[in-house]
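This report goes through one protein model for a reader who has not seen it before. Please look at the sequence and the structure below before reading on.

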Amino acid sequence: MATMKDIAERAGVSTATVSRVLNHDETLSVGKETKDRIFAAAKELNYTKTKKKKSREKILLLQWYTQEEELDDLYYQGIRLGAEERAEAEGYDVVRVFHDVTFDIEKDVIGIVAIGKFGERQVQRLMDFGKPLCFIDSDQFKWKQDCVIVDFASAMEQVIAEMDRGEHTKIGFLEGKELTNDKEMLVRDLRSELFLAELRKRGWYRDKYHRVGSFSTSSGYEMMNQLLSDNPEQLPTFLFAENDAIAIGALRALQEADIAVPDQISVVGFNDSKVAKYVYPPLSTIRVDTREMGNTGVSLLLDRIAYPRKISKKISLSTEWIKRASTK
């Protein structure tokens with residue numbers, strides 16, 4: 001394949017002159033004869049101009065979990081993978097940034113997708129970048145920002161329907177609490193609010209069956225052991241754990257205490273993580289399509305970029321009840 005150097009040697013000029021002539025540089029002061037000689041040499045050598053590859057625009061993906069934390073909670077890994085898949089399909093590169101890293105916005109970043117729970121000062125800082133912005137798993141509608149959330153109301157209706165189907169009245173609840181990643185605000189969780197409100201409305205709430213910890217397997221194990229220790233004679237017959245990690249820890253504690261699941265107690269989780277169907281007994285849970293959450297978040301961001309609008313959009317994704325052997 002001929003190069004500009006080959007043309008320069010054939011035409012008796014410098015490579016720089018060849019480049020400027022072939023790129024039709026109007027500021028170049030060379031005679032018509034020289035230009036004709038260069039074009040003739042290019043034709044004789046079958047020179048084909050190589051198109052310069054255009055750099056792809058980027059979407060910044062801000063995650064409130066570090067890489068290490070993500071490995072312990074596959075929920076956010078699923079969201080991230082869904083976002084990356086959609087960005088790649090649309091021809092954009094992804095820049096991953098974690099909450100514990102100070103960062104600046106690159107010029108070719110066209111928008112920001114923020115995954116997780118963010119405090120008000122963090123939201124304001126992201127808005128200050130002046131880029132289109134979409135939050136996933138965080139309702140920032142009051143800031144007039146696009147967001148993708150889970151329909152927790154219908155999800156809790158599904159849990160309560162399962163509770164009613166088994167005619168349970170002694171209900172255990174293992175609740176998770178978390179702070180925004182700046183540690184300034186307790187995250188509001190509609191799951192716990194709705195579930196506790198329903199128990200209180202029915203007169204079934206018992207403080208002795210309610211434990212609060214973090215969204216981790218170890219916390220679920222500890223909370224369940226506390227509940228068992230404090231109620232050796234009268235256990236709940238139905239247990240709702242606020243995510244699968246908590247439920248899996250609880251299952252381990254129940255197995256160690258020789259308490260049969262679901263014969264003595266039914267256990268329900270939330271999220272339908274990859275491991276939920278592999279634990280023993282397989283865990284009944286609420287399925288959240290985390291990849292679709294990530295996919296939808298990027299789509300919403302690109303929609304705002306393509307069709308600039310003053311109003312914001314909030315998309316709520318449905319859930320699905322998954323019955324397995326941990327419930328009767």
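This is a predicted model: local features need pLDDT of at least 70, side-chain atom pairs count only at pLDDT 80 or more; totals for chains, interfaces and linings use all residues.

How do the residues of the lining of the largest pocket divide into nonpolar, polar and charged?

## The largest pocket

The lining of the largest pocket divides into 16 nonpolar, six polar and ten charged residues. It is made up of 32 residues in total. The pocket's volume is about 700 Å³.

Nearest the centre of the pocket lie Lys 117, Ser 138, Asp 139, Val 187 and Arg 188. At least two lining residues each come from helix H5 (74-89), helix H6 (120-128), strand E5 (146-150) and helix H8 (190-202).

## Helix H2

Helix H2 spans residues 15-22, and Thr 17, Val 18, Val 21 and Leu 22 are buried in it. Seen down the axis of H2, these buried residues fall within an arc of 125°, so they line one face of the helix. An α-helix has 3.6 residues a turn, so residues three or four places apart point the same way.

Helix H1 (4-11) and helix H3 (32-44) are included in what covers the buried residues of H2. Just after H2, His 24 has a positive phi of about 55°.

## Nonpolar cores

The largest nonpolar core contains 55 residues, and those with the most contacts inside it are Ile 59, Phe 195 and Phe 240. Leaving aside neighbours within four places in sequence, Ile 59 is in contact with residues including Ala 87, Tyr 92, Val 94, Ile 110, Val 113, Val 298 and Leu 302. There is also a second, separate core of 23 residues, with Phe 215, Ala 247, Ala 253 and Val 261 among them.

## Gln 140

Is Gln 140 buried or exposed? The loop between strand E4 (133-136) and E5 holds Gln 140. Its relative accessibility is 6%, under the 20% limit, so Gln 140 counts as buried. Beyond its neighbours within four places in sequence, Gln 140 is in contact with Phe 118, Val 123, Phe 135, Gln 145 and Cys 147.

## Arg 287

Arg 287 belongs to strand E10 (residues 285-287). With a relative accessible area of 33%, Arg 287 is partly exposed.

Leaving aside neighbours within four places in sequence, Arg 287 is in contact with Asn 271, Asp 272, Thr 319, Glu 320, Ile 322 and Arg 324. Asp 258 is 29 residues from Arg 287 along the chain, and the C-alpha atoms of the two are separated by 28 Å.

Definitions and conventions
Residues are numbered from 1 along each chain as its sequence is written. Side-chain values use heavy atoms; hydrogens and water are left out. On a 1 Å grid over the protein atoms alone, a cavity is a set of points where a 1.4 Å probe fits but cannot get out, and a pocket is an open set with protein on both sides within 12 Å along at least five of seven lines; lining residues have an atom within 4 Å of a point. Grid points are joined across faces, edges and corners, and a volume is the space filled by probe spheres set on the points. Helices (H or I, at least four residues) and strands (E, at least two) are DSSP runs, numbered from the N terminus. Ala, Val, Leu, Ile, Met, Phe, Trp, Tyr, Cys and Pro count as nonpolar, Asp, Glu, Lys and Arg as charged, and the others, Gly among them, as polar. Buried means under 20% relative accessible area, exposed over 50%, partly exposed in between (1.4 Å probe, protein chains only). The arc is that of the directions from the helix axis to the C-beta atoms. Contact means heavy atoms within 4.5 Å. A nonpolar core is a set of buried Ala, Val, Leu, Ile, Met, Phe, Trp, Tyr and Cys residues joined through side-chain atoms within 4.5 Å.
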